[in-house]
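Thanks for coming. I will go through one structure today, starting with a single residue and ending with the contact between chains.

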Protein chains: 2
Amino acid sequence: MKKHRITFLPSEKIIYTTDDKDTLLDAAMRAGVYINASCGGNSSCGKCRIKIVEGSVDSSHHPRITRIDYDKGYRLACKTRPQGNVIVEVPLESQIDRSILKGKSRKPLILSASGLGQLVKEWKADPAVFKIYLELPEPSVDDNISDSGRLVRELRRVLKNDNFSADLRVLRKMSEIFREAAWKVTVTLIALNEGLQVLNFEPGNKAQQNYSIVIDIGTTTVCGQLLDLANCSKDICTLGESSDYNAQIRYGDDVISRIMYSRKKSGLARLREAVVSTINGIISDLIDESHVEKASISHLVFAGNTTMTHLFLGLDPKNIMLSPYTPVSNIYPPVTARDLGVNTDDYVNAQVFPCVSSYIGGDIVAGVIGSGMSHTDKITLFMDIGTNGEIVLGNRDWLICASCSAGPAFEGGGIQFGMRAEKGAIEQVRINPVNYEPMILTVGKEKPKGICGSGLIDSVAELLLSGILDQNGKFRRDLDTPRVREGQSGYEYVIANTADTQIQQDIVVTEVDLYNLIRAKAALYAGCKVLLDSVGLSFGNIEKVIIAGGFGHYIDLEKARIIGLLPELPLELFVFVGNGSLLGARLFSFSRGFMIEAENISKMMTNVELSSSQKFMDEFVAASFLPHTDGKAFPGVLKRLKNRSLSTVNYPQ
Amino acid sequence: MKKHRITFLPSEKIIYTTDDKDTLLDAAMRAGVYINASCGGNSSCGKCRIKIVEGSVDSSHHPRITRIDYDKGYRLACKTRPQGNVIVEVPLESQIDRSILKGKSRKPLILSASGLGQLVKEWKADPAVFKIYLELPEPSVDDNISDSGRLVRELRRVLKNDNFSADLRVLRKMSEIFREAAWKVTVTLIALNEGLQVLNFEPGNKAQQNYSIVIDIGTTTVCGQLLDLANCSKDICTLGESSDYNAQIRYGDDVISRIMYSRKKSGLARLREAVVSTINGIISDLIDESHVEKASISHLVFAGNTTMTHLFLGLDPKNIMLSPYTPVSNIYPPVTARDLGVNTDDYVNAQVFPCVSSYIGGDIVAGVIGSGMSHTDKITLFMDIGTNGEIVLGNRDWLICASCSAGPAFEGGGIQFGMRAEKGAIEQVRINPVNYEPMILTVGKEKPKGICGSGLIDSVAELLLSGILDQNGKFRRDLDTPRVREGQSGYEYVIANTADTQIQQDIVVTEVDLYNLIRAKAALYAGCKVLLDSVGLSFGNIEKVIIAGGFGHYIDLEKARIIGLLPELPLELFVFVGNGSLLGARLFSFSRGFMIEAENISKMMTNVELSSSQKFMDEFVAASFLPHTDGKAFPGVLKRLKNRSLSTVNYPQ
């Protein structure tokens, strides 16, 4: 077992290998150095490019690395094993820019508290975890019942409830606190189906110090909020907000790569540790920001997709990936922070949103609750657009749902220059229909590094409107512009020239990219169509469309309709809710009614398995066109395409 | 911090001191060397006599050690600090003979299974913890609900129940077991008030391997049984039985000394560890004896007095001892073996009998259940005779109870030559009324070392019947026998001469001993009287008397009535049940109905606090006579006393 020192630049992080089989990707993982690794380390994505600055390595040549780059020292980290001490440079495109999430530079992902009332009208502040201040009568010879009996007698009187429980740990500390506090104590309780459970005691009156933390565990991003449970009447008071990348990213970009990684030795434990460390970082930020004592956090609520939920709880996600796609469980028992390794007081109660199926998770159940869909009579289409597009159709009486494997195009996956919406990502595009020159805006207004999902939708819509692209997703070969050219993988459109970029390459949109994007949008649209058909409805019956998900928030609604990602419905029917999962988690923590509702909704939602549906395949093929083979469904778009030159405005020539 | 080597003889156990303040009693405690210590180490009992064989010690002179013994090297271990390496001899009277309990030489303490039906008529075998074998349908694309959903669906179908729960740990291992076992699994469940909780999974059909262990945690002795839960119809099948001294004895003989010790630094933790180590030893014996796999033990039931229960669960017992005598709790949540440190599979469910008050514990609640008292219409008096005499009066409709601080006389405490019923203890006595010579039988038929409780009752009854003692408990001063003489602490009767004993001393019964015994029996009798009066009944209304407790089992009923310990009621009303606590624990484990009943009974029992009752004091004074100042209550005894010489049979002169 040789030990080699690996130094990663530019972070200068140092780690030692422990095993001859250690690759540089393994070492980077352990060192906490982020390197893109979309495929979980199986060398198929080719994204984990690093440059050997010094030292000897064993690395076979890989088609993803050109001969020129190979000679410059570029390698795939997942295929490279150090033979001695090595200095490695992590290229710019492989570094995740975390500052963008930590800062406040972007639009907030979450609806404001006041906006919640507009979505969910019927709710009252009635937190499941609450505190009550009691002044207990002191024991005397005439009244010497046990301390727990004294407590229950008083709770029964004040709360008009007869069913109390407490665990051994609480009993162990109770008597001393009662006496130290001269029988004036604050009791923390949680309302469960079966009654009230005593969670904690504090001396004196602390009833006003009652806070919860709600966390949405996304595959890419983890978002949390710290809520004031004691001081809320109709509106939820948010004292802090923080988000960060899910540290599991180092083990793969999407749920499938994570599940693959979980099958390795200690893989599940490592993934669990990674997401718990992210969560603990967020909790620590929230506590700092809110100036709240850690001991006053008395409730934790988590929501995530089924895979994230399994990984967080330490449940083996293997069968989520394997046909017939069965999760371990969709309902999760309440646990303690200690059981989960979450850094609040050990015995804080943590609740995890129930899921529906392998690909409809607790984040969607939370979104349905948070968006008010389960409280409205209106027939509502709920779409969470990401790597997996999850869609829910229904209202307060019925709910039907499906997950469409849209592929990772919306998050930059499968796209040659695709990237997340980080600094340098092209996010807005206009194309001059006369000279076909693009005008681009990037996140952070930096020199471009790649294209994010919303930039890609913009690009495709503009390419279509400017006549560069036909409705099959193919570039016109007869245009007089160097922007359209034949590249290594077929025809492509140059959206940024080398000189303008940070990456010493032209940034292009290829026909392969277009193919992938069209598949992604077609899957979503086809999924909606299948759900509608299954209940005998059509798009025309939809009374409200809720777009959830961080990505959805940045979509240009018009552009999305032009490419046929969203149905052509009146703009006023669309509502963006941002992180619907977090919205639902907030409600869950604020009102015990939603805790029960969450489980009922998860059981009530009918899951339609699209992967094996011929109907879905047919609809998918029909939708694999811009905007759709059924032109009648997109009359407005077709009209704009007919009047192409009129649809764009004055560009300088 | 000097380190001295302490060698204890005869065991040759060696331990090193860690602190200058370490006494030899501290060292013995850590070494696991048993030395009598009735007073918890505060030097008041004077029982921890040891002999310094070699080495230098710092030990002040103590009135309990005579000058002669002091010169021989005798010291009180609790007042002696080593100054260097020391060799210490633990005298015979201080060594507890454990073999007597491990072996089968004595009569069994527990009623046979077949006897149970006579006591408790209405019960059926319906264990709260049970196993069920399921063949689950394999998942398919058409039926791909979650694994837990699949389990619950099948359980619901088979058990006709709709309320199931499972904790995270069970969910974590479920999926792998299901698949490894090809969906043929045995599920362990526990019936709780709120529904059924899944506790465990095993591959294949293990439904017949379902065992429980029930344990009575006595202050002195811990008794356990291993029960076969799967193969029982009407009778409980006991596969093993084991008992041992409670290792807490090293920290004090009675509950008060234990509570005193628990207030020392780490005292509570040490006491907990001590009893857990005893319990683990018993569990290990039971498993060995029964040839049952540890993994097949699926339920644990514990019953003990309130202090033992607190110490076992790690609840601070301090306020049990301090006025107004409030326990932390009388109801205990179910816990796991792991929480308790008990050496079965970690997540075996452990249930602890509820208590009633500081001095009416789970052992009494279990005794009431186990003796059938709570199922009969007959007005029943239940007496558990030990250091504390606990009495319960009532029937299926009402129960009233009290604890009488009888003092430790019945267990040899406060008696100059008192000892537990171990080898060498005088347990049966007859006295020749002509020459006043005694005839004695000892436990194990060894040379006498002291007198145990039943021997003392025998002695007093015989001394009274033979005219040596008057009804005030004073020896006649005018008898012509060397057996009655004036000793160091007043008049005494020599029951064994030095030459006949193992302890190089005369064994005597003193007037101080008699005083203590009379107080003890008077407290019990007065307690019964107060309970009867409080419900407007008299002894004549009692239809059944149940004598519980290991000690009760050895009492000579006639002798006990002669001294007024038991009321003069027809002999056929008396039933000895031995360890009633274990009987109740068995029922609890075998029939879920009793689990609910236990809590109801504990809440239904009205506790009468005697310590502050003037009525009790009056009755106590009235009963402090042999047999009682109210002769009308003991007509038969008075008649025998009048015909003293006739009451004894032919002794050789």
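In which loop is A:K160 found? The loop is the one between α5 (147-159) and β9 (164-166) of chain A. Before I go on, please keep in mind that this is a predicted model.

Back to A:K160. Its phi is near 50°, a positive value in a residue that is not glycine. As background, most residues other than glycine have a negative phi. A:K160 counts as exposed, because its relative accessibility is 72%.

Chain B gives us another case, B:Q504. This residue lies in the loop between β25 (490-496) and β26 (507-510) of chain B. Phi is positive here too, near 55° for B:Q504. With a relative accessibility of 63%, over the 50% cut-off, B:Q504 therefore counts as exposed.

Next, peptide bonds. In general, most of them are trans. Between A:S323 and A:P324, however, the bond is cis, with omega about 5°. On the chain, A:P324 sits in the loop between α10 (318-321) and β16 (335-336) of chain A. In chain B, a cis bond runs from B:L626 to B:P627, and omega is near -5°. For B:P627 the location is the loop between α18 (614-623) and α19 (635-642) of chain B.

Now the aromatic rings. How many aromatic pairs are there over all chains? The count comes to 18. One of them is A:F353 with A:F588, a tilted pair with 4.7 Å from centre to centre and 45° between the planes. This pair links distant parts of the chain, 235 residues apart: A:F353 is in the loop between β17 (349-352) and α12 (362-370) of chain A, and A:F588 is in helix α16 (residues 580-590) of chain A. Are these two residues, A:F353 and A:F588, buried or exposed? Both are buried. Elsewhere, A:F178, A:W183 and A:F201 are linked by ring pairs into a cluster.

Last, the interface. On the chain B side, 37 residues are in contact with 37 residues of chain A. Together the two chains bury about 2900 Å², with 57% of that on carbon and sulfur atoms. What holds for charged and polar pairs? The salt bridge count between chain B and chain A is zero, while 18 residue pairs are in polar contact across the interface. On chain B, the elements that give two or more residues to this side are α5 (147-159), α6 (168-180) and α11 (337-340). The largest share, six residues, comes from α6(B). By type, the residues on the chain B side are 17 nonpolar, twelve polar and eight charged.

Note on methods. Residues numbered from 1 in each chain as written. Chains lettered and ligands numbered in written order. Predicted model: local features only at pLDDT ≥ 70, side-chain atom pairs only at ≥ 80, totals over all residues. Heavy atoms only, no water. Contact = heavy atoms within 4.5 Å. Buried area = accessible area lost by both parts, 1.4 Å probe. Salt bridge = Lys/Arg side-chain N within 4 Å of Asp/Glu carboxyl O. Polar contact = N/O pair within 3.5 Å; in protein donor to acceptor, adjacent residues only side chain to side chain. Helix = DSSP H or I, 4+ residues; strand = E, 2+ residues; numbered from the N terminus. Nonpolar A, V, L, I, M, F, W, Y, C, P; charged D, E, K, R; others polar. Phe/Tyr/Trp six-rings, centres within 6.5 Å; stacked < 30°, edge-to-face > 60°. Buried < 20%, exposed > 50% of the residue type's maximum accessible area, 1.4 Å probe, protein only.
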